[in-house]
Amino acid sequence: MSAPVRVGFVGLGNIGKPMALRLAAAPSIDLHVHDVAPEPVAELVAAGATAPGSVAALAAAVDVVCVMVRDDEQVRAVAAEVPAETVLVIHSTVAPGTPAELAEGRRVLDAPVSGGPMGAADGSLAIMVGGAEDAFAAARPALDVMGAKVVHAGPVGAGTRMKLARNLIHFVAFTAVTEAQRLAEAAGLDLVALGDVVRHTDAITGGPGAIMYRETTAPIAPDDFWHGVFTHVTALGEKDLGLAIALADELGVDVPLAREALPRLGKGLGLR
């Protein structure tokens, strides 16, 4: 039986603490933790982790340091305490250039997560990783404990770029939801019931991810399988968007995202 992997975790906040608790419960991990707040540290110690008392002491005792702190400045402060040979895993969402900057002379993985506190608690996070193969292999035992979907996206920085693309979908979709809610409210509908329908059907269809199977955004050749699929999607989308915009006009509701989507849908899918 191989020895446990020595892992440090810095940043025991809303998502970091449940991630660390997953590591503390794993027999394959020897966990060391640090946070400026004493309460989550005490909770992790009660769960079986060790608390060295400082980032420097933690980094000296482990082979992999996972960081889930607030911003780039805090990530840099932690990185400054980590030895060059130790793998630094940045779970915080940082600026696109920060991982490569910190990787100069260090073994760095940028590994932002998607799935929120719920995914962190049950180990179902998606973890998007950028960095060298050897660093990824060293951190993989810890990543597999914390996430159900671990994707090696490419060289350092690729994990962050993937997370930013993923969250663009997330927050543009949230904005579209607020637009749809205004339309539904003006139409006299129950917004909670509409939300139930959206969550139910997205769980079946995959939501926006349902169109994300092509390896390119280039125009689609007429004889390509996806040409027929996306022609059908576009026809339905343009019809339904047109009807929704007409309803919005009738009710006096502003729907700028719908108006933008109508002429862009087919082209975005690669048809024009």
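Colleague: How is arginine 264 classed by its relative accessibility?

Modeller: A residue is called buried under 20% relative accessible area, exposed over 50%, and partly exposed in between, with a 1.4 Å probe and protein chains only. Arginine 264 counts as exposed because its relative accessibility is 56%. Please note that this is a predicted model, in which local features need pLDDT of at least 70 and side-chain atom pairs count only at pLDDT 80 or more, whereas totals for chains, interfaces and linings use all residues. Residues are numbered from 1 along each chain as its sequence is written, and side-chain values use heavy atoms, with hydrogens and water left out.

Colleague: With which residue does arginine 264 form a salt bridge?

Modeller: Side chains of opposite charge can pair when their charged atoms come close. The criterion for a salt bridge is a side-chain nitrogen of Lys or Arg within 4 Å of a carboxyl oxygen of Asp or Glu. Arginine 264 meets it with glutamate 260, their closest N and O atoms being 2.8 Å apart. Both residues belong to helix α11 (residues 256-268) and are four residues apart, about one turn of the helix. Glutamate 260 is partly exposed, at 41% relative accessible area.

Colleague: How many salt bridges are found in the whole structure?

Modeller: The search finds ten. Among them is the pair of aspartate 134 and arginine 107, with closest N and O atoms 3.3 Å apart. Aspartate 134 lies in helix α7 (residues 133-146) and arginine 107 in strand β5 (residues 107-110), so this pair ties together parts that are 27 residues apart in sequence. Helices (H or I, at least four residues) and strands (E, at least two) are DSSP runs, numbered from the N terminus. Aspartate 134 is partly exposed at 46%, and arginine 107 is partly exposed at 28%. Lysine 239 also forms a salt bridge, with aspartate 240, at 2.6 Å between the closest N and O atoms.

Colleague: How does the span of helix α8 relate to the expected value?

Modeller: The expected span of a helix is 1.5 Å times one less than its number of residues. Helix α8 (residues 158-186) has 29 residues and reaches 43 Å from first to last C-alpha, close to the expected 42 Å. Its buried residues include Lys163 and Glu179.

Colleague: Is glycine 195 buried or exposed?

Modeller: Glycine 195, found in helix α9 (residues 191-205), is buried, with a relative accessible area of 17%. Its C-alpha lies 13 Å from that of glutamate 179, 16 residues away in sequence.
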